[in-house]
Amino acid sequence: MNNREKLFNLVKRVVVEQKKTFLPSRISIGWPVFDHLEITSALNTLLDLRISQGLKTREFEEKFAEYIGTKYAVAVNSGTSANILAIATLIEAGDMKKGDEVILPATTFSSVASPILQLGLVPVYVDVDPTSWNINPAEIQKAISKKTRAIMVVHTFGNPADMPEIMRIAKKYRLKVIEDSCEAHGSRIGKRMCGSFGDIITFSFYVAHNITTGEGGMVLTNSQKYCDILTSLRQFGRLPIRLVQSKDFIYKDSIIGKYNKQYVFCRLGYNVCMTDIAASLGIEQLKKLDSFNQSRIKNVTSYNSALSKHAKYLRLPTVRQGAFHSFYGYPMVIEKNAPFRREELLQFLESKSIENRPFFAGCLPDQPAFRSAPKRIVGKLPISRWIRDNGFFIGCHPGLSKEQIESVISSFNSFLAKY
Ligand SMILES: Cc1ncc(COP(=O)(O)O)c(C=O)c1O
């Protein structure tokens, strides 16, 4: 056995020991479910001195694209960077320009809307559906104007949005679809993965997500043109990686001549690369994604069957017929007729060490940064505002024990017993 193998065996023993004692102190909303395989994979990469973007990143991209079912994948350092590159790519490709409108759900995370604004476009907020809490296709239809160029869809908490209908609307009005799948690793409609419908798709691998690289993200597409722009934007605006790495391609122009391909900058870009260390974690996590999701479903099934008796006051998550919801978290909304306030319930849950969060930004155009920013709002957003004031989510991740799931259920039961 060589020294590396000895080290990895030791790591395995340390991880097994640590698992006995190092548990989340609270019933957390997310938790990196790692074992020795993630740690040794990252360690191996580190010992090989592969510390920036390289072969491991390429391997993760290929495996993730294959899992989702797209031709191309471009890894980045976060889901936010993925959204920035997705929007910037559509602009670079000539599919949108400053001042154009992008339709998006009002209830979502900030970095769905911020890249739209940062890149000079106008977000058009539409209301979400009262049961799926996803963008409502009927509201999309109402929101379309002469300036609309794209729809930005989010699979909220991993619940698949109505992609067949949204793609139909997009086709009819010739709109691009940006499919933010940052909360939807492994979600499906029938056999088709969320993340395989849109023109350009984004994922996050932040620590609370269904698989994690700590910080990380990915942009997917079936378009070679978009992929080339993405790899260029990801690294300083240099030539697309395909050309830089091609033996047959030589760069030459009348001013800089036959220049080193790596140092030809063809657009203004960013530096948002994933490191090979993070990609090594991602490769191992991806192998476990389906089994992680099955554990989530098991926990969700326990929550659903225990909490459905409180349906008078608590609206529980629903799943569309034929869809697979990957449950990034377990969301609920307090019904209007409930005799208690959200804060009372959340304080009670906190006192029982049950971590909880609001539905991300609640209603995005009501958030301080977005109030004064350019926008168009369609209707009065009654569902998004109800969610803003009454929505919350708790954890259902595979790191939770049977006892913790039971403790969540008994805490809800004892709070609601009063009513
Ligand atoms: C829908 C959505 N889009 C984008 C992001 C941003 O991802 P990241 O935290 O990796 O930047 C998140 C964050 O969780 C998200 O929920």
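The term pLDDT denotes the predictor's confidence in each residue, on a scale from 0 to 100. The structure shown above is a predicted model, and its mean pLDDT is 97, with 100% of the residues reaching 70 or more. Confidence is lowest in helix 1 (residues 3–21), where the mean is 92, and highest in strand 8 (residues 200–204), at 99.

The overall form may be considered next. The protein contains 14 helices and 14 strands. Its C-alpha atoms fill a box of roughly 80 × 70 × 40 Å along the principal axes. A compact globule of 419 residues would have a radius of gyration near 22 Å, and the protein, at 23 Å, agrees with that expectation. Of the 419 residues, 45% count as buried. Among contacts with a separation of 6 or more, 73% are between residues 24 or more positions apart.

The domain assignment divides the protein into domain 1 (53–281) and domain 2 (282–413). The C-alpha centres of domain 1 and domain 2 lie 25 Å apart. Their contact takes 51 residues from domain 1 and 44 residues from domain 2. On the side of domain 1 that touches domain 2, at least two residues each come from helix 3 (55–68), helix 5, strand 3, helix 6, strand 6 (188–189) and helix 10 (276–307). Helix 3 gives the most to this side, with 6 residues.

The largest nonpolar core has 99 residues, of which Val76, Leu85, Ile103, Ile151, Met152, Met218 and Val219 touch the most other members. At least three residues of this core come from each of domain 1 and domain 2. For Met152, the residues touched are Val102, Ile103, Leu104, Val112, Ile178 and Asp180, leaving aside those up to four places away in sequence.

Just after helix 5, Gly120 takes a positive phi of about 85°.

Helix 4 and helix 5 each supply at least two residues of the shell around the ligand, and helix 4 gives the most, with 3 residues. Of the 15 residues around the ligand, Ser78, Gly79, Thr80, Cys182 and Ser204 come nearest.

Two details of the backbone remain. Most residues other than glycine have a negative phi. Trp133, however, has a positive phi near 60°. Trp133 is found in the loop between strand 3 and helix 6 (137–143). Because 20 or more neighbours make a residue buried, Trp133 counts as buried with its 26 C-beta neighbours inside 10 Å. Ser353 is not a glycine either, and its phi is positive at about 65°. The place of Ser353 is in the loop between helix 11 (342–351) and helix 12. With 15 other C-beta atoms within 10 Å, Ser353 is partly exposed.

Technical notes: Residues are numbered from 1 along each chain as its sequence is written. This is a predicted model: local features need pLDDT of at least 70, side-chain atom pairs count only at pLDDT 80 or more; totals for chains, interfaces and linings use all residues. A nonpolar core is a set of buried Ala, Val, Leu, Ile, Met, Phe, Trp, Tyr and Cys residues joined through C-beta atoms within 7 Å. A residue is buried if 20 or more other C-beta atoms lie within 10 Å of its own, exposed if 12 or fewer, and partly exposed in between; C-beta atoms are placed from the backbone. Domain bounds come from an automatic or database domain assignment. Two residues are in contact if their C-beta atoms, placed from the backbone, lie within 7 Å. Helices (H or I, at least four residues) and strands (E, at least two) are DSSP runs, numbered from the N terminus. The radius of gyration is taken over C-alpha atoms; the globule rule is 2.2 Å times the number of residues to the power 0.38. A residue is near a molecule or strand if its C-beta atom, placed from the backbone, lies within 6 Å of it.
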